2 protein chains.
Amino acid sequence: MTIFVCVSCRGQGEGEGGSGLALVNALRDKFAAASAEGVAVKPVECLAVCKRPATVAMVGAGKWTYLVGDLTAADHLDEIVEAALSYQRSENGIVPWKERPASFRKGVVARIPPLGFEIQEQQTT
Amino acid sequence: MTIFVCVSCRGQGEGEGGSGLALVNALRDKFAAASAEGVAVKPVECLAVCKRPATVAMVGAGKWTYLVGDLTAADHLDEIVEAALSYQRSENGIVPWKERPASFRKGVVARIPPLGFEIQEQQTT
């Protein structure tokens with residue numbers, strides 16, 4: 001799976017890199033420390049969700065994409081890692097509500113089905 | 001390419017189907033009338049962009065995904081068709097600004113790069 005992190009997102013008081021770039025670096029350190037395999041953290045110049053910095057997108061082959069905003073390296077690092085590992089374990093990208101950290105329950109900006117999705121599948125928001 | 005249309009989105013004065021479902025049906029008629037090939041219009045139960053109905057997502061293999069809100073069958077049918085055909089023609093899903101209808105310039109909720117994207121690529125918002 002890939003976590004795209006918007007590095008156009010700027011936060012306050014998080015160093016010269018802005019909140020998005022700080023998040024990329026901090027997440028890479030976290031996943032390396034956790035020896036998490038198959039999780040790529042990639043910067044992207046703009047996700048066009050400019051009102052809710054920093055925004056990340058969780059993307060995986062054949063899975064729903066989730067966009068989550070209002071995240072900072074200072075406050076949400078562990079929750080992002082936890083949510084990413086749940087996403088990775090999930091069959092279709094839809095993480096059960098009880099497994100979602102608080103910031104992910106509040107921060108969902110949008111979700112998009114995988115290409116090839118048909119509405120007959122079972123869904124929960 | 002696929003246009004996912006959120007059928008949980010409800011509009012006002014657009015019949016019993018709500019604005020999302022009305023949009024699905026109207027778009028299918030439009031694309032059929034235009035003999036457009038390779039464009040699938042698919043309903044999806046929720047895109048989680050509940051404040052900007054109706055919302056659609058344009059998705060294509062290897063392309064950026066674009067989420068656009070504030071669309072109605074009554075007002076934006078031709079613009080959605082126009083934008084979809086531009087998206088289909090585009091190499092990477094990024095439609096040049098001058099080709100974007102007014103509703104797409106104003107309505108972008110988010111965009112997500114294709115899986116495998118690396119930031120070195122040329123980008124415009």
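Trainee: How many helices and strands does chain A have?
Mentor: Chain A has 3 helices and 5 strands. Both are DSSP runs numbered from the N terminus: H or I over at least four residues for helices, E over at least two for strands. This is a predicted model, where local features need pLDDT of at least 70 and side-chain atom pairs need 80 or more, while totals for chains, interfaces and linings use all residues. Residues count from 1 along each chain as written, chains are lettered from A and ligands numbered from 1 in written order, and side-chain values use heavy atoms, without hydrogens or water.

Trainee: What pattern do they follow along chain A?
Mentor: Chain A reads β-α-β-β-β-α-α-β.

Trainee: And how much of chain A is buried?
Mentor: 55% of its 125 residues. Buried means under 20% relative accessible area, exposed over 50%, partly exposed in between, with a 1.4 Å probe and protein chains only.

Trainee: Which strands partner β4 in chain A?
Mentor: β3(A), residues 56-59, runs antiparallel to β4(A) with 3 bridges. β5(A), residues 108-112, is also antiparallel to β4(A), over 4 bridges. Pairing needs at least two DSSP bridges.

Trainee: Which residues sit opposite each other?
Mentor: A:Met58 has A:Tyr66 as its bridge partner in β4(A). A:Leu67 faces A:Ala110 in β5(A).

Trainee: Which way do the β4(A) residues point?
Mentor: A:Thr65 and A:Leu67 go one way, A:Tyr66 and A:Val68 the other. All four are buried.

Trainee: What's in the β3(A)-β4(A) hairpin?
Mentor: There are 5 residues between the strands, and A:Gly62 takes a positive phi near 75°.

Trainee: Switching to chain B. What's the strand order in the sheet?
Mentor: β2-β1-β3-β4-β5, an open sheet with mixed pairing. β2 (40-44) and β5 (108-112) of chain B are the edges; each has a single partner strand, so one side of each lacks a neighbour in the sheet. On average, neighbouring strands of this sheet are turned by 20° against each other, direction ignored.

Trainee: Where does helix α2 of chain B lie?
Mentor: Residues 73-89 lie across β1, β3 and β4 of chain B, at about 20° to β3(B). Axes are lines fitted to C-alpha atoms, for helices over the stretch in contact; angles run from 0 to 180 degrees between N-to-C directions.

Trainee: Is B:Thr2 buried or exposed?
Mentor: Buried, at 6% relative accessible area. B:Thr2 belongs to strand β1 of chain B. Beyond four places in sequence, its contacts include A:Leu115, B:Ala40 and B:Met58.

Trainee: So, the interface. How many residues does each chain bring to the contact?
Mentor: Chain A brings 32 residues and chain B brings 32. The chains bury about 2,400 Å² between them, 68% of it on carbon and sulfur atoms. That is the accessible area (1.4 Å probe) lost on putting the two parts together, summed over both.

Trainee: Which three residues of chain A supply more of that area than any other three?
Mentor: A:Ile112, A:Leu115 and A:Ile119, with 21% of what chain A buries against chain B.

Trainee: How many salt bridges link the chains?
Mentor: 2 salt bridges, each needing a side-chain nitrogen of Lys or Arg within 4 Å of a carboxyl oxygen of Asp or Glu. One of them joins A:Lys42 and B:Glu118 at 2.9 Å, N to O.

Trainee: And which strand gives the most to the side of chain A that touches chain B?
Mentor: β5(A), with 5 residues.

Terms used
Contact = heavy atoms within 4.5 Å.
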